[in-house]
Amino acid sequence: MKKIGMIGGLSWVSTAEYYKRVNEITQMTAGGVSSARIVLESVNRQDYVSAVIDRGDEAAACQQIADSARSLQSAGADFIVITCNDVHRFVPAIEPMINIPFLHIAQVTAEAVKSKGLGRTAILGVRKTMEGTFFPEIFARNDLATVEPNEAEKNFIHDSIYEELVHNRFHEETREKYKEVMIAMGKRGADSVALACTEIPLLISPGECPLPAFSTTELHCQAAVARALDAR
């Protein structure tokens, strides 16, 4: 079994879900009382937010993630999983610094969307995910398109994540508002939705969504276990 390197803490809420699901899937797949080989590097979210939000210092934020990646490599990880969607924007800069690969959340999501014959996916997450290039670029390489929420929708989604979800607070009225956003985006041409913040699936499951929905958390965990159990 390969050792999974996990960069967490962004937030601890979704990181806990990653640890739980990776181990549940490992046991279901490998049988018995199997559990995953995981080494976790938990970033101090306050330091990260201070760099990104308070100072607007992307280089400092990237350095925090790079340091974590190096620590995981030193600890013997075979590959790296980041338990946060928007932090994947740093992957291209960090990849040349280490000798082990990242398992990219947008790629595993694109593969899942494509396997269902869908092609125009609404991306819901924090602003740096919704407005960033990594989801559109990776989806385009898979012959898929992404749909960006409008400004009011982005404000609601981003604020709900920062003010509620990362604090482990999940409210029914927020869940209903997410459904309204999805319905509106469906009317504007989206045929599916990516729950592209690892806390969003804790608020609303794919089965509750009015469009075909993909939990990036679940897909990432499934892919991590598949890679860890692949003997090649």
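In the predicted model, Phe170 has a relative accessibility of 27% and is therefore classed as partly exposed, since this value falls between the limits of 20% for buried and 50% for exposed residues. The residue is placed in the loop that connects α8 (151–163) with α9. When residues up to four places away in sequence are left aside, Phe170 is in contact with Val13, Leu165, Glu199, Leu202 and Leu203. Between the C-alpha atoms of Phe170 and Gly132, which are 38 residues apart along the chain, the separation amounts to 26 Å.

Helix α9, which spans residues 172–187, lies across β4 (120–124), β5 and β6, and its direction makes an angle of about 150° with β4. These strands belong to an open sheet of 4 strands, arranged in the order β5-β4-β6-β7 with parallel pairing. The edge positions are taken by β5 (145–147) and β7 (213–215), and because each of these has a single partner strand, one side of each remains without a neighbour in the sheet. On average, and with direction ignored, neighbouring strands of the sheet are turned by 30° against each other.

Strand β6, comprising residues 192–195, is joined to β7 by 3 bridges, the two strands running parallel. Within this part of the sheet, Val193 is found opposite Ala213 of β7. Helix α11 (residues 216–229) also packs on the sheet, where α11 touches β6 and β7 and runs in a direction that makes about 55° with that of β7.

Notes: Residues numbered from 1 in each chain as written. Predicted model: local features only at pLDDT ≥ 70, side-chain atom pairs only at ≥ 80, totals over all residues. Heavy atoms only, no water. Pairing = 2+ DSSP bridges. Axes fitted to C-alpha atoms, helices over the stretch in contact; angles between N-to-C directions. Contact = heavy atoms within 4.5 Å. Buried < 20%, exposed > 50% of the residue type's maximum accessible area, 1.4 Å probe, protein only.
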